[in-house]
Amino acid sequence: MRHLIRTGLASLLFLAAATAARAEEITVFAAASLTDAMTQVAQSYATATGDTLQLSFASSSTLARQIAAGAPADLYISANQKWMTWLADQDLIAANSRHDLLANALVLIAPADSDLAPITINSQTDLTRLIGDEDRIAVGDPDHVPAGIYARQALENLGQWDAVEPRLARADNVRAALALVERGEAPLGIVYATDAAIATDVKIIATFPENSHPAITYPVAITTGQTNPAAVKLLAWLLGDDAGVIFAEYGFNRPATSPKTQ
């Protein structure tokens with residue numbers, strides 16, 4: 001009997017070791033606006049597969065430049081097409097692995113205790129009249145942060161960029177812009193709808209018209225600098241229903257054409 005028990009325990013230990021050996025670690029570089037959603041995704045994926053996701057969050061531009069410099073990312077999720085295309089032009093993403101993963105919206109926010117009421121944004125709206133003479137509107141830096149780039153495109157299309165640009169508080173990423181409004185350091189901010197949804201100390205004042213800026217899509221791709229086969233499995237899972245449910249809980253939508261290879 002003891003021999004059988006020892007044999008059984010040995011078999012269990014062997015199976016456990018084999019399972020652990022098969023578990024993979026996958027490094028994912030993702031836009032800062034995906035912090036909460038991807039953290040939940042990582043937990044669910046680990047439970048479902050045993051694989052571990054190592055997540056790195058920053059502005060899409062920062063992450064793209066890190067990948068171009070040789071950072072060991074297996075998978076990259078950008079908050080706009082520009083930086084994914086920038087990597088593609090350098091042959092740094094795997095052929096046929098690029099897909100449009102998520103969609104988002106651009107909103108105007110204020111601190112939760114602000115006296116500002118909801119407004120409709122159009123070409124007649126003067127955002128500078130909503131803030132004091134010394135105040136600033138928080139936004140991801142329009143020179144490189146996707147949320148800021150979308151904000152600039154919207155403001156330009158609405159004929160407001162020239163008036164608003166000098167009054168901007170430029171943040172390193174969209175979460176930093178959100179934090180300025182949360183702390184009351186800026187009376188207004190332009191962020192993604194999903195960022196506003198997870199914040200407890202802000203409220204949405206308006207949503208920018210969809211036709212005022214390009215569609216906000218998050219492309220995902222496997223990088224060419226890595227050869228981790230587990231990244232292919234992860235990509236398929238991210239495009240599937242299980243991940244879709246999690247992303248929806250954080251306010252993200254699937255693009256109308258998702259999944260789509262580009």
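Student: What makes Asp91 count as buried or exposed?

Tutor: This is a predicted model, and in it Asp91 has a relative accessibility of 59%. The word exposed is used for values over 50%, so Asp91, at 59%, counts as exposed. Asp91 is found in the loop between H4 and strand S4 (99-104), and its phi is near 60°, a positive value in a residue other than glycine.

Student: How do you know that the buried residues of helix H3 lie on the same side of H3?

Tutor: The buried residues in H3 (residues 60-68) are Ser60, Ser61, Leu63, Ala64 and Ile67. They cover an arc of only 165° around the axis, and therefore they are on the same side of H3. Among the elements that cover these buried residues are strand S1 (25-31), strand S2 (52-58) and helix H5 (146-157). Just after H3 comes Gly70, which takes a positive phi of about 105°.

Student: What makes S7 and S9 the edge strands of the open sheet?

Tutor: The open sheet has five strands in the order S7-S6-S8-S5-S9, with mixed pairing. Strand S7 (168-171) and strand S9 (202-207) each pair on one side only, and that is what is meant by calling them edge strands. From one strand to the next the twist averages 35°.

Student: How do you know that S6 and S8 are paired?

Tutor: Two strands pair if there are at least two bridges between them. Three bridges join strand S6 (residues 137-140) to strand S8 (residues 188-192), so these strands meet the condition, and they run parallel. Within this pair, Val139 stands opposite Ile190 in S8.

Student: What makes up the contact between helices H2 and H9?

Tutor: Helix H2 (residues 35-49) and helix H9 (residues 230-238) pack at an angle of about 115°, with their axes 12 Å apart, and their crossing is right-handed. The contact is made by residues including Met38, Val41 and Tyr45 of H2, and Leu234 and Trp237 of H9. The residues of this contact divide into seven nonpolar, two polar and one charged.

Key
Residues are numbered from 1 along each chain as its sequence is written. This is a predicted model: local features need pLDDT of at least 70, side-chain atom pairs count only at pLDDT 80 or more; totals for chains, interfaces and linings use all residues. Side-chain values use heavy atoms; hydrogens and water are left out. Buried means under 20% relative accessible area, exposed over 50%, partly exposed in between (1.4 Å probe, protein chains only). Helices (H or I, at least four residues) and strands (E, at least two) are DSSP runs, numbered from the N terminus. The arc is that of the directions from the helix axis to the C-beta atoms. Contact means heavy atoms within 4.5 Å. Axes are lines fitted to C-alpha atoms, for helices over the stretch in contact, and angles run from 0 to 180 degrees between N-to-C directions. A crossing is left-handed if the near helix is turned anticlockwise from the far one by less than a right angle, and right-handed if clockwise. Ala, Val, Leu, Ile, Met, Phe, Trp, Tyr, Cys and Pro count as nonpolar, Asp, Glu, Lys and Arg as charged, and the others, Gly among them, as polar.
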